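I opened this notebook to keep a record of what I looked up in the model, entry by entry. Each entry takes up one kind of feature.

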Amino acid sequence: MSVLDNPPPRPRPVYLNLVAIRLPIAGIASILHRVSGAALFLFALPLMLLAVQASLASPESFAALKAAFAHPLAKLTAIGVVWACLHHFCAGIRYLLIDLHVGDDLAPAQRSGAMVIAVSLALTLIVGLRLW
Amino acid sequence: MTRALRQAAGAHYGWRDWLVQRVTAVVMAAYTVVVLGVALWNGGIDYPLWKALFACGAWKLATFVFMLALTWHAWVGVRDIWMDYVKPVGVRLALEVLTLLALAAYIGWTMQILWGGK
C-alpha cells in the first residue's frame, strides 16, 4: 500500500470572515432558521407563556392583553415573533421534505430556500398590515 | 498516542437528536394547525371560546404535550448553537445548564397555567 492510498490529513483552508462570506440563498434560509429558533427560545417562548396566562386569567386581563397591542412597541415585538414563527415553521417543513427526498437536488433546494424566505416575509407583512 | 477526550458537553447521541427534532416538529406543527383552524373556523377567538377551549381536559393534555415537544425541540436546537459557537467546555456547560433550567421552569409555568386555575 503506497502512501497515496492514505495521505496524511492536511489542514484544510478555513475562511470564516463572517462579514465577507457570501452564503447561497439556501444558506441564508438555513442561518435564518437558526436565528429565528434562537429568538423563539429567548423571547417568544416566555412572551407567549405570559400572553397565554394573561389571556386565560380573566375577561379583564384578556381585554387588557388585547389593548396592549395598541402600543407600537408591542406591535413591533409581535411582528418579530410572527416572522420568527413563520420562518422557522416554513424552513422546518422544507427540511422535513428534504429528509423525504422531496426537492433535495441543488436547483430545487435553492428555489425552495428562496421560497421559504419570501413566503415567511410576505405572510409577516400581511399579519403586520392587519395588526397596524 | 493521542485520543480525543470525550467532552463533558458533547452531544453523544447524533441520530437520536436528529429524530427527536423531527418528531417534535411534527407534533408542534399539528397543534399549530389545530389552533389556527379553530381561530379561522370561528372567525377569531374571543374570551368565552378561548376559556372553554382551555377548560377541556383533552385540550389541556394536547397543550401540555405540545409544550413538552417544544421544550425538547428547543433543547436540541439551543444546545446545537452552544456547541457550534461556545468552545470553552465550562462556559458551554454553564449555558447548557441555564438552558435546561429555563426549559424546566417553562414546563412548570405551563402546568400552573393549565391546572393551577382558581
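**Salt bridges**

I began with Arg79(B), which forms a salt bridge with Asp17(B), the closest N and O atoms being 2.5 Å apart; the term stands for a side-chain nitrogen of Lys or Arg within 4 Å of a carboxyl oxygen of Asp or Glu. The pair links distant parts of the chain, since Arg79(B) is in helix H3 of chain B and Asp17(B) in helix H1 of chain B, 62 residues apart. Helices here (H or I, at least four residues) and strands (E, at least two) are DSSP runs, numbered from the N terminus. I noted Arg79(B) as buried because its relative accessible area is 5%, and Asp17(B) is likewise buried, at 12%. In this notebook buried means under 20% relative accessible area, exposed over 50%, and partly exposed in between (1.4 Å probe, protein chains only).

Before going on I wrote down the ground rules: this is a predicted model, in which local features need pLDDT of at least 70 and side-chain atom pairs count only at pLDDT 80 or more, while totals for chains, interfaces and linings use all residues. Residues are numbered from 1 along each chain as its sequence is written, chains are lettered from A and ligands numbered from 1 in the order in which they are written, and side-chain values use heavy atoms, with hydrogens and water left out.

How many salt bridges are there over all chains? I found a count of three. Side chains of opposite charge can pair when their charged atoms come close.

Arg34(A) forms a salt bridge with Asp84(B), where the closest N and O atoms are 2.7 Å apart. This pair crosses between chains, from helix H1 of chain A, where Arg34(A) lies, to helix H3 of chain B, which holds Asp84(B). Arg34(A) counts as partly exposed at 23% relative accessibility, and Asp84(B) counts as partly exposed at 40%.

I then looked up Asp99(A) and Arg22(B), whose side chains meet in a salt bridge (2.3 Å, N to O). This pair also crosses between chains, from Asp99(A) in helix H3 of chain A to Arg22(B) in helix H1 of chain B. Asp99(A) is partly exposed at 28% relative accessibility, as is Arg22(B) with a relative accessible area of 21%.

**Aromatic pairs**

I counted rings of Phe, Tyr and Trp (its six-membered ring) as a pair if their centres lie within 6.5 Å, with planes under 30 degrees apart called stacked, over 60 edge-to-face and the rest tilted. By this rule there are seven aromatic pairs over all chains. Tyr31(B) and Phe66(B) make a stacked pair, 4.4 Å centre to centre with 25 degrees between the planes. They link distant parts of the chain, Tyr31(B) being in helix H1 (residues 14-41) of chain B and Phe66(B) in helix H3 (residues 57-85) of chain B, 35 residues apart. Both Tyr31(B) and Phe66(B) are buried.

Phe64(B) lies in helix H3 of chain B and Trp115(B) in helix H4 (residues 89-115) of chain B, so the pair ties together parts that are 51 residues apart in sequence. Is Phe64(B) buried or exposed? With a relative accessible area of 17%, Phe64(B) is buried, whereas Trp115(B), at 44%, is partly exposed.

I also recorded one aromatic cluster, formed by Tyr31(B), Trp50(B), Phe54(B), Trp59(B) and Phe66(B).

Ser36(A) has its place in helix H1 (residues 25-57) of chain A and counts as buried at 0% relative accessibility. Not counting residues up to four places away in sequence, Ser36(A) touches Trp83(A), Ala84(A), His87(A) and His88(A), where contact means heavy atoms within 4.5 Å.

Val82(A), in helix H3 (residues 72-99) of chain A, counts as partly exposed at 23% relative accessibility. Leaving aside its neighbours within four places in sequence, I found Val82(A) in contact with Thr124(A) and Val127(A).

**Chain B as a whole**

Chain B has four helices and zero strands, and buried residues make up 35% of its 118 residues.
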